[in-house]
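Hi,

Here is the model I said I'd pass on. Have a look at it first, and my notes on the interface follow below.

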There are 4 protein chains.
Amino acid sequence: MKTLNIGLIGTGFMGKAHAVALNAVSSIFDLPARPVCELLADADLARAKSRASAWGFARATDDWRALVADSRVDVVDICAPNFLHKEIALAAIAAGKHVYAEKPLALCTADAEEMVEAAERAGVKTLVGFNYIRNSATQLAREIVMRGEIGELVHFRGRHNEDYLLDPQKPHDWHTMRAMAGAGALGDIGSHILNMAEFLTGQRITEVCGQLQTVIASRPEADGAGMAAVENDDQAQAMLRFDRGLMGNIETSRIAAGRKMGLAYTLTGTRGAIVFDQERMSELQLYRADDATGRRGFTTLLAGPEHPDYAAFSPAPGHGLGYNDQKIIEVRDLIEGIFGQRSLYPDFREAARVNRLIDAIEKSDKTRQWVQVAS
Amino acid sequence: MKTLNIGLIGTGFMGKAHAVALNAVSSIFDLPARPVCELLADADLARAKSRASAWGFARATDDWRALVADSRVDVVDICAPNFLHKEIALAAIAAGKHVYAEKPLALCTADAEEMVEAAERAGVKTLVGFNYIRNSATQLAREIVMRGEIGELVHFRGRHNEDYLLDPQKPHDWHTMRAMAGAGALGDIGSHILNMAEFLTGQRITEVCGQLQTVIASRPEADGAGMAAVENDDQAQAMLRFDRGLMGNIETSRIAAGRKMGLAYTLTGTRGAIVFDQERMSELQLYRADDATGRRGFTTLLAGPEHPDYAAFSPAPGHGLGYNDQKIIEVRDLIEGIFGQRSLYPDFREAARVNRLIDAIEKSDKTRQWVQVAS
Amino acid sequence: MKTLNIGLIGTGFMGKAHAVALNAVSSIFDLPARPVCELLADADLARAKSRASAWGFARATDDWRALVADSRVDVVDICAPNFLHKEIALAAIAAGKHVYAEKPLALCTADAEEMVEAAERAGVKTLVGFNYIRNSATQLAREIVMRGEIGELVHFRGRHNEDYLLDPQKPHDWHTMRAMAGAGALGDIGSHILNMAEFLTGQRITEVCGQLQTVIASRPEADGAGMAAVENDDQAQAMLRFDRGLMGNIETSRIAAGRKMGLAYTLTGTRGAIVFDQERMSELQLYRADDATGRRGFTTLLAGPEHPDYAAFSPAPGHGLGYNDQKIIEVRDLIEGIFGQRSLYPDFREAARVNRLIDAIEKSDKTRQWVQVAS
Amino acid sequence: MKTLNIGLIGTGFMGKAHAVALNAVSSIFDLPARPVCELLADADLARAKSRASAWGFARATDDWRALVADSRVDVVDICAPNFLHKEIALAAIAAGKHVYAEKPLALCTADAEEMVEAAERAGVKTLVGFNYIRNSATQLAREIVMRGEIGELVHFRGRHNEDYLLDPQKPHDWHTMRAMAGAGALGDIGSHILNMAEFLTGQRITEVCGQLQTVIASRPEADGAGMAAVENDDQAQAMLRFDRGLMGNIETSRIAAGRKMGLAYTLTGTRGAIVFDQERMSELQLYRADDATGRRGFTTLLAGPEHPDYAAFSPAPGHGLGYNDQKIIEVRDLIEGIFGQRSLYPDFREAARVNRLIDAIEKSDKTRQWVQVAS
């Protein structure tokens with residue numbers, strides 16, 4: 001069996017999720033190649049070594065540049081902080097490696113476009129980790145839309161709300177610094193729902209009209225020495241126009257009390273509707289206007305083997321996929337994409353669209369009017 | 001016991017709902033006066049008589065002007081088509097009657113303001129039937145907000161979506177005619193959520209940025225003779241700014257497949273959140289950020305005797321209020337208001353605000369930018 | 001229009017619910033006769049008079065015997081305490097009146113049978129107030145079963161759990177006294193689910209195997225003078241066999257923490273299933289095994305005008321029925337039944353079955369084995 | 001780092017779930033030893049080899065006896081058909097191996113007890129795969145009960161219903177054969193809810209009264225040659241008494257239309273209640289009778305890092321665990337148990353109780369009365 005050697009940079013939340021997926025994917029899916037955990041990088045060498053041992057990586061390093069340059073690494077997997085994405089990705093591309101990066105791709109559109117151009121010039125494969133689009137129920141939603149089962153779309157509503165910064169005593173950190181994070185909630189999690197809006201509808205957002213707000217104006221410095229100004233949005237919302245006339249809106253917040261994984265959407269069509277909430281990630285609500293009179297209503301479809309990518313996890317319906325399972329599907333896509341068995345989505349080019357959408361929403365907030373999105 | 005003689009105009013959906021409430025209210029609440037069903041008007045005299053007999057009205061007429069002028073009528077209750085609201089109300093006010101009118105108050109702001117001025121000059125009492133704000137769970141939501149139980153509000157999301165015009169074969173009728181209905185979904189049901197946005201938050205909307213869409217451009221004429229252009233919106237959405245800085249948005253649609261009574265809202269505060277859906281009208285979801293770690297989540301409060309106005313319907317919790325019960329509460333408010341026991345909300349002045357909001361959203365849609373709302 | 005004069009005995013929870021329904025029913029439904037609130041009895045004359053005034057009764061009395069004997073009373077409506085049902089009903093029957101009684105019909109089977117015999121000998125009409133079977137969603141459930149839409153039934157699960165006696169400090173009162181209430185939870189609310197089991201399935205329960213438990217053995221005397229032993233069950237459960245082989249079970253409790261109106265059932269058939277919870281009384285969940293692969297799931301049917309008895313309350317779907325609306329339907333049935341337009345269900349004969357089922361469950365609890373139910 | 005060599009027998013649904021867990025567990029949890037996929041057995045050698053390659057097993061065999069005897073195998077992991085459990089386990093024990101077996105432990109109590117005795121005599125460690133008790137929300141339920149947060153338990157209701165044999169055309173196979181499966185639904189999935197009843201309550205079931213039914217009496221032979229009699233139950237139910245007086249009931253079915261992973265329970269206590277449904281496996285509903293008046297209701301606790309074993313999967317709340325994650329926790333328990341860091345539950349002794357409960361329910365069905373359960 002072929003192998004594909006992975007060099008993973010970062011050992012935080014996302015680094016671990018990638019490690020889990022890399023270890024599990026071969027037992028879930030039949031793959032064209034087996035991913036091998038070759039090299040793990042973390043700025044803290046002791047941590048790099050300890051995690052490498054636990055996560056089955058052959059080697060560890062504290063130097064991401066060494067990893068990028070390592071001849072035994074086929075794919076550079078970037079789970080480093082967002083502000084490093086660009087530098088690492090450009091180095092990896094220069095070294096001819098395929099790149100698998102966490103979202104958001106970059107802190108701004110200009111950076112993202114530089115990365116797209118480099119990757120396409122070098123001809124390397126890229127994939128960005130918008131993992132929620134891999135969830136079986138969400139893949140099913142797209143399938144139902146694409147097959148026309150709910151008619152023509154007339155409205156899209158999306159949100160990605162969480163409350164991880166609800167507590168005003170939570171210190172100023174990279175999330176709340178412009179230079180480290182770019183946009184706030186809009187960049188961190190709003191990026192998911194913006195990507196998903198195009199994924200689900202199969203349409204391009206052409207115009208936006210948005211509004212951002214920093215509710216908690218300052219936060220304690222991490223070292224306790226006074227307060228620091230929050231430099232990006234706590235919450236944002238936007239109205240959307242899509243290229244085929246579809247109307248929609250999105251919301252995002254990091255201070256939405258009570259929402260833990262509040263990615264949700266409603267797709268309304270001329271003959272039906274779909275409702276989804278990631279907090280119940282294995283359920284999709286489907287309404288079909290053509291069902292019999294008196295027997296119409298929202299049907300709860302519980303993810304099962306007849307739905308996309310579920311059967312590999314369990315032959316029995318309703319047994320439930322979890323967060324990490326989405327990453328396993330993503331890694332399957334990565335491997336199949338590198339081996340030419342599928343197109344990679346979203347690659348850098350597609351992921352850069354999300355940066356363009358974020359920038360347009362921010363511009364709209366400043367100009368207080370609709371803004372066109374560069375295609 | 002005192003009595004209050006009601007003259008009701010209209011025998012449709014709303015006329016019946018008012019009749020039911022007038023008949024039931026005295027057995028539910030202890031009132032300062034008993035409403036008496038004195039006179040019922042419908043353009044069709046046979047129907048007026050038949051409904052008067054069934055609904056316990058002493059007399060019937062086919063002439064609303066006669067009803068307005070009738071010396072035994074204390075309150076003119078307007079359930080006639082929207083385009084007649086202004087003319088009837090002005091006549092009733094001129095005759096010195098109190099006026100209880102269905103929403104929307106008028107087809108446009110100018111008309112609404114003329115009605116406000118006339119009523120205030122005459123010193124008659126007025127009430128407009130935004131009945132959903134009477135629901136026990138929604139009164140509870142306002143109470144929770146006002147008591148600061150969820151902290152300071154940071155976001156309001158509201159929608160009122162239904163699908164009564166989803167079928168493109170449904171003929172062109174008053175709903176789809178500008179001169180008969182004014183705005184489309186935005187006026188017919190969007191008016192509810194706009195009123196409720198201010199009711200629930202206790203704040204004024206000062207700026208809006210909206211978008212309207214007529215999805216089904218033309219519909220069959222009622223007589224089958226060809227197609228007629230739809231003259232108002234099938235769906236609308238708007239971003240909102242409130243006077244104390246609160247950010248929010250609303251949506252409304254009459255073609256939202258699957259939504260039958262889709263009035264819903266989310267109130268997010270600095271210490272909690274409230275979620276409500278009128279399709280489950282006796283439930284309120286409450287999240288309190290200050291609950292114990294590991295025991296926090298949305299709590300389903302089932303309307304019971306400890307909540308506003310429920311106990312009069314049942315001493316036992318969870319037994320469920322229905323649509324008509326909201327109208328019973330509204331009629332209780334009307335009677336108590338006329339007898340000086342409470343202030344009437346929304347009276348014509350408050351209801352005219354809804355027209356101002358609708359007009360501002362329509363203007364924003366045309367100018368593609370934010371629009372200030374006259375206070 | 002014909003009239004039907006009602007004499008109502010009792011002004012508590014149920015007395016009020018009946019009064020509300022009597023006042024509202026003519027404006028909801030087109031009826032063969034208009035019910036007239038003729039005479040109201042309560043042991044407390046002042047209360048009788050005050051409620052008569054509020055509820056529109058022409059006259060009041062503190063003597064139920066006078067009411068029963070009153071020549072202007074056509075129907076005796078019994079909302080008096082359970083232990084009085086038998087005496088009042090027998091007197092009313094002897095006076096040739098129709099009888100409309102609250103559930104449970106009697107404290108034991110022997111009493112119930114005496115009442116059945118008397119009513120049938122006298123040829124008067126009878127109806128017992130098992131109001132939950134009137135709810136639109138529950139009528140729909142029966143309709144779906146009867147039409148075979150879920151195939152042959154293979155299992156019935158029902159419960160009626162509430163928590164009105166959860167607090168051990170709640171004093172000993174009629175609920176907890178054998179001579180006043182008969183069985184405890186099993187009689188008070190279990191009676192609803194037992195009646196409903198036969199209503200929904202269209203089958204007779206032929207054998208039961210039950211278990212009762214008094215969890216809170218004693219309660220404070222109402223006057224504070226010490227503790228009194230609780231004389232009937234706090235909770236009960238039973239397995240059921242129906243005449244056509246169907247298997248099932250029921251539960252009931254008055255100490256089920258968190259349940260306010262916890263009447264719920266699941267009907268499972270060879271081709272589908274139905275799930276209902278009275279706390280969401282306007283929703284019915286329907287599963288159809290014959291729906292398309294990948295599109296099967298429980299569909300939430302929201303009560304609307306296409307469902308039984310809903311349209312009279314609102315022409316618009318999803319607007320919601322409430323507790324009192326069930327009583328309005330019940331009163332409609334009463335009037336139509338008395339005028340020969342429908343058969344009355346459950347009449348005394350049918351309601352007496354519930355007493356037989358309760359007795360059999362109690363006997364089974366004592367003998368620790370299955371018990372046959374007399375047909 | 002220490003290692004623990006696993007020999008896995010079986011490559012079906014359960015074999016794969018174990019393989020996934022063995023591959024993933026080290027990247028999720030910090031363990032005292034790393035499990036090594038040493039040897040994989042399947043009666044079909046080609047399949048054994050192909051799965052060994054995909055799942056990362058070093059070697060493959062078509063002879064489970066060779067696996068049991070293999071000196072490099074530390075733990076024998078039994079995912080073979082149920083009727084083979086006993087023979088394999090006894091051989092593994094005889095070879096001094098630790099045994100990790102799927103449920104049900106055995107086809108009958110006698111077999112189970114023989115296995116318990118052998119394991120205890122040999123001093124090997126054992127664990128049986130009742131994986132649903134590992135789910136974070138269910139561990140939380142037990143924690144809430146044990147801490148007395150809902151007071152003293154007064155009722156337990158459990159069910160495990162699925163519909164995998166709903167279709168009467170599904171052929172006769174091992175599920176429906178007594179000699180291969182033992183009891184039907186009661187053994188296959190009812191075993192889960194019986195184990196869980198004791199796990200959640202911390203109490204022993206001492207008496208049962210049950211009822212079994214084979215609804216689909218015969219099924220097509222797998223080879224199409226006629227029909228074969230179904231030899232065990234399609235559905236079963238039982239009333240339960242626990243040692244400290246608790247009352248309860250369970251249901252199980254393999255023909256429960258619409259239920260896919262319908263393991264659900266309600267725990268009712270004197271001060272609160274818990275409701276859980278495995279189809280929403282990351283949610284627990286909690287009611288606390290001591291919450292403030294008017295603010296009481298069922299709270300949806302969404303599994304998060306503050307709940308048992310969740311944080312290892314994600315530092316962020318509400319992100320969702322899946323079916324396979326339960327097996328990962330189970331394998332963590334196995335490894336820690338073998339290394340003395342925790343007691344193994346349920347081991348063979350505890351799992352044998354489930355067989356005793358099943359046998360008692362079957363006996364009760366035959367004798368039509370309550371049956372004591374041997375302790």
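By buried area I mean the accessible area (1.4 Å probe) that two parts lose on being put together, summed over both. Between chain A and chain B that comes to about 3,500 Å², with carbon and sulfur atoms giving 49%. Gln211(A), Met247(A) and Arg368(A) supply 19% of what chain A buries against chain B, more than any other three residues.

Some housekeeping: this is a predicted model, where local features need pLDDT of at least 70 and side-chain atom pairs count only at pLDDT 80 or more, while totals for chains, interfaces and linings use all residues. Residues are numbered from 1 along each chain as its sequence is written, chains are lettered from A in the order in which they are written, and side-chain values use heavy atoms, without hydrogens and water.

On symmetry, a 180° rotation with 0.0 Å of shift along its axis puts chain A on chain B at RMSD 0.0 Å (least squares on the C-alpha atoms of residues with pLDDT of at least 70 in both). The two copies are thus related as by a two-fold rotation axis. Gln369(A) is the residue of chain A that comes closest to that axis, its C-alpha at 2.2 Å.

As for contacts (heavy atoms within 4.5 Å), 46 residues of chain A touch 45 of chain B. The rule also finds four salt bridges across the interface (a side-chain nitrogen of Lys or Arg within 4 Å of a carboxyl oxygen of Asp or Glu). Arg157(B) and Glu251(A) form a salt bridge at 2.4 Å, N to O.

Cheers
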